[in-house]
Amino acid sequence: MAGPAINKGKSRASETDERTPLLANEAGVVDGESSNVSTAAHRHSGDGNANPWNRRILVGAILLLSTFFAGALVFVIGAGYHYASWVAHVNPEQLVKQGVVLKGPSNVEVVTVAEDYVELKVEGAVGIDADWIMGLEREGGGLFGGARKSFGRWLVKRVDQVTVSLGHVELYAPYSRSQHRIPTDPLVSLRASPVTIPLTTRRADFDASDDSWLTPVSVPVFLSPNKNGSFIGEYVEDALKVRRILATARADWVKVDAGDSRHWWKPWSLFEVKKTNIERVLRHDFHSSTPNTPGSDDPIGSMVTLTNYTLCSNPNTSKLEVSAVVDVVNPLPHSIHGAIQSPFEFTISLLAEAQAPAPPPSNDTTPAVPLSAEVARVFTNPIHLTHPNVSLSMNGTILPIGKESLPLLSQFLSNYLTARPSPIEVSTNSPLSLSIRTKFPAPKEKPKLIRTVKLDNVRIYPNPETGEDLLAAGIIRAYLELPPGLESLTLDVDRILPDVLVYDGPAPPLGSSGFAGLWKGTSTLDPSIVPTNNSGRVPFPPPPLPNPLPPKAFARIRPPTWLDAVNMPAPDPSDPDKQVLLVKAEMEDVPLDILPGRDAVFQQFVQKILWKGSAVAGVRGDAACGVGIEGISIGNGTDMELRGLPVEAEFTARGWH
């Protein structure tokens, strides 16, 4: 014991009698101190008696606090491990579906269109349900479960927010028709800036339709398309055919980092979850207001409507300007709105048809029909993503047309004037080399370029030199009306060449018979364009007569040379309030060739004139004209020949000259 150890060897000095105070024995004397007890001695002895108890209390308190903090630390570590284990092992698909709430994109804006990438600004709203992600909804009842849930929510408030970062993201097509396999090259590569999202607890307190807890976000996204334009075009065509966008998204990694620079743990990334090699299938079905049957050969055309277009000759620039408005079915979800401010440049090319018509006969060598020819370059105005359609307004110019491209232009004009669609190709080189083939829509009705033809002062008389051959003379007036969209073209028709059959009486209906096309040898009258003949006024060789000859036809009129013509604006004879282009030419000493075997029909026509004083004759056939269009360059000049224009008229022959 402590007391005996201190008084060892000093028993005599510590002997007591009946007069010794009892407290002196209890207090003890240390190191030979006097047994006389003063007031100070009494005070010191009292303090010495209290020291052991203070130490015991202090040690007990320390043990108690240590036990409490150790238990709290174990609780925190256990709860933290529990939540970290839950987050680390949750399925990414389920995490995105249940724990993350996305609304949008509500707005997509194209910021920049560069040579090899497109910068987008994607806006939307996002929220993270921390209760679900950390498994707080799975906590049971009781004291321990409630404490762990409260601690989890307290921890969420301390963390406050997370930053989501994406690695390199690529989108892959499900299949390639041209490669006959699953492609290994991505359609597009994507880079996105990190997004900071606040954490939300007690998500169940909000109604399902209440989006007030979501955080608006604006994320810059950079898209780098595949440089293989045919690969992209093939994917677009396949998607439009099946009305479905299907792709596989692959990300190198996805990282979720808790907190920000204010938190002490941020430099050590203590609260970080990273997933690698993420893959997800994306699918979006869309519908078109225009029906498209499965296997349609023009899925793009079924989604595109050419609302209007205008060609206008600009005298200030000497160019032919084009403007158009195209409505395109918007396949994106209705929640996506936005704008594309940067202009896109497109080149429009004419394509050869599968069975291109043979070139017309000409005095000069006609080149082979090319596979394609660029005819226009246009730029889009700012585009607004609306639903159900997006209106694309564009402006541009018609490109110079080489002589080798005239067969394709001829094919296009023929299809247009006969109300048939024409194959075209729309291509762009920025931000990718993309080419899409579709068809230029046919007009609703066949345009009637020549509205009316009048033959005035027609005279038929024998050739004064031979006395046997017949000649014809008169004035030809043709009233031309350009189709809608082409009214602003400035035309200059300086020569014409009629090639018609003359009938005894009105020409029979065209369905029953018809004059041969100029170079097809059929009853189809297809207009065409060819270069200006290098032989000057000598026209191209005449086509053969139709076989069999139409009934009541007795003669053919085709001048041996072009007829000089003048043109001027004039009122339409059938609608004086409408302005048309009047082309006027004088016909003098033009041979009237009697058709083989039709002498009897011709004699009947002459007898009507002799006995009745007049006879009605009908004419039907083709006409060609030399025309210049302001703003169009053909080869090295501005002139071209427009052939195969249908002509039908009547005239009254009076007397015999």
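**A backbone tour**

Start with Pro-388, in the loop between β15 (383-385) and β16 (389-398). Strands here are DSSP E runs of at least two residues and helices are H or I runs of at least four, numbered from the N terminus. Before you go on: this is a predicted model, where local features need pLDDT of at least 70, side-chain atom pairs count only at pLDDT 80 or more, and totals for chains, interfaces and linings use all residues. Residues are numbered from 1 along each chain as its sequence is written, and side-chain values use heavy atoms, leaving out hydrogens and water.

Most peptide bonds are trans.

Next, select Asn-547 and Pro-548, where you'll find another cis bond, omega near 5°. Pro-548 lies in the loop between β22 (528-531) and β23 (553-557).

Jump to Arg-243, in the loop between α7 (229-242) and β8 (244-258). Phi is positive at Arg-243, near 55°, though the residue is not a glycine. Is Arg-243 buried or exposed? Arg-243 is buried, at 13% relative accessible area; buried means under 20%, exposed over 50%, and partly exposed in between (1.4 Å probe, protein chains only).

Then pick Ala-419, in the loop between α8 (406-417) and β17 (422-428). Ala-419 also has a positive phi, about 60°, and is partly exposed at 25%.

Finally, zoom out: the protein has 9 helices and 27 strands, and 40% of its 657 residues count as buried.
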